[in-house]
Amino acid sequence: MHALLVEDDDRMAHALGTALAQRGHSVRRVGRALDALRHVHEAEFVLLDLGLPDLDGLELLRRLRTVCDAPLIVVTARCEERDIVQGLRAGADDYVVKPFRMAELMARVDSVRRRSAARPGSAGPTGAVSGAVGDRIVRSGDVEVDLARRTVTVAGGEIRLTRREFDVLAFLAERPDEVHAREEILDRIWGDAFLGVSRSLDVHVAGIRAKTGRSRLVRTVRGFGYQLGAPPVGSGPPPDPALPDVRGPDGGTR
Ligand code: CA
């Protein structure tokens, strides 16, 4: 596949480019945000460094997402949880902090590519919420999760989750009586239990709770995983309106 490697550091770019080429990918490496925007249309997946000389990487990520839906992994030295949350919210499919092990990064590349191929609307099973679930609607308190239409309503009003937030919620909703291990969820939704070390799952659960305004919709089983919770009707405040990022032009699909 054709990779766009956005990295201004020559040594890092060389190491990444070599590893990608060894796995049969063709690579275009650019060191500036402007060139990334120029070439992103040809990319089948993107590796993006956030520390670039001409534009903040998060801003570049947002701009790339307006023109490109290819799988994208942020590869950066920024390791604060806030940075990771912002990166995932801005549309990154995964987030890898430098220094990293090349084998792990390559496994994540494979993983996001597999998931991308299995996205709803494309061919193939979606993994988390396949057609096998039929047209079930799962209710929990005043929250309704429509597994077939991929919609969520809270007290009758539709909430927009990102694609992956919905996948996590739907996975829990499919078997509401069961507690699901973190590794199981990561493996099913992210295609990769590797991510057990990352914060991706927690970030997405936090997003589900905030956007539905139902903090008990997803129950944390400490040290193990998550289960669909049962918030009493009207238990929480209304969904948080201070999350405009999810209502952006592509917010509902990422
Ligand atoms: Ca850099």
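**A walk through the chain**

Among contacts in the chain with a separation of 6 or more, 57% join residues 24 or more positions apart; contact means heavy atoms within 4.5 Å. This is a predicted model, in which local features need pLDDT of at least 70 and side-chain atom pairs count only at pLDDT 80 or more, while totals for chains, interfaces and linings use all residues. Residues are numbered from 1 along each chain as its sequence is written, and side-chain values use heavy atoms, with hydrogens and water left out.

The chain has 8 helices and 12 strands. These are DSSP runs numbered from the N terminus: helices are H or I, at least four residues, and strands are E, at least two. Of its 254 residues, 49% count as buried. Buried means under 20% relative accessible area, exposed over 50%, partly exposed in between (1.4 Å probe, protein chains only).

Start at His-2, in strand β1 (residues 2–6). His-2 is buried, at 18% relative accessible area. Beyond four places in sequence, its contacts include Val-27, Glu-42 and Phe-45.

Now turn to the calcium ion. Asp-8 (OD), Asp-49 (OD) and Gly-51 (O) coordinate it at 2.2 to 2.4 Å. Donors are N, O and S atoms within 2.8 Å of the metal (3.2 Å for Na, K and Ca); water is not among the atoms, so sites may look incomplete. Asp-8 sits in the loop between β1 and α1 (10–22), and Asp-49 in the loop between β3 (45–48) and α3 (57–67), so the pair ties together parts 41 residues apart in sequence. Asp-8 is partly exposed, at 34% relative accessible area. Asp-49 is buried, at 5%.
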